[in-house]
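Have the model open and follow along.

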Amino acid sequence: IFFKFADSEAKEGHRIDPNVWRNTSESGVKVAVYCTSFASVVVGLLKAMLSFEPSHIERNKGAFYPMVCELINVQSDEIRKLVRKVLVEKFGPLLGLGQDIRRGGSLRDSLLSDVTR
């Protein structure tokens, strides 16, 4: 679903009124294209991924990471924010990055402090 959604959004997303992306749950059936019909499904999948245990992410990182990366450039602010959260909270720790984010720091500050250490 992630790959098909990202492909559809890349091909057809520019034709969609930007306001459609503001609330995916209301826009799903109004526009007859895959990228808006499945936006709420993608949101749900990303939220589910945020609840996964670290061991589950570790075991499936080869499948999960490329799927999440496919969604980086979509127009939906809601999806992009969830993608950032998944990358920071689930994949950052696998790479030893972003440890300070959970304590209220920013990713930028965390990365800069890693470089200066």
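In this predicted model, the buried residues of α6 are Ile79, Leu82, Val83, Val86, Val88, Lys90, Phe91 and Gly92.

Now look at α6 end to end. The helix covers residues 77–95, 19 residues in total, and its first and last C-alphas are 25 Å apart, close to the expected 27 Å. There's a bend on the way, though: about 30°, at valine 88, which is itself on the buried list. Once you're just past the helix, glycine 96 has a positive phi of about 75°.

Back up to the start. Serine 76 sits in the loop between α5 and α6, and it counts as buried because its relative accessibility is 0%. Its side chain reaches the backbone nitrogen of isoleucine 79, at 3.1 Å, and isoleucine 79 is one of the buried residues of α6.

Next, the rings. The structure has two aromatic pairs. One of them joins tyrosine 65 and phenylalanine 91 edge-to-face, with 5.3 Å between the centres and 70° between the planes. The partners come from distant parts of the chain, 26 residues apart: tyrosine 65 belongs to helix α5 (residues 54–69) and phenylalanine 91 to α6.

Conventions:
Residues numbered from 1 in each chain as written. Predicted model: local features only at pLDDT ≥ 70, side-chain atom pairs only at ≥ 80, totals over all residues. Heavy atoms only, no water. Helix = DSSP H or I, 4+ residues; strand = E, 2+ residues; numbered from the N terminus. Expected span 1.5 Å × (residues − 1). Bend = angle between axes of the 7 residues up to and from the residue. Buried < 20%, exposed > 50% of the residue type's maximum accessible area, 1.4 Å probe, protein only. Phe/Tyr/Trp six-rings, centres within 6.5 Å; stacked < 30°, edge-to-face > 60°. Polar contact = N/O pair within 3.5 Å; in protein donor to acceptor, adjacent residues only side chain to side chain.
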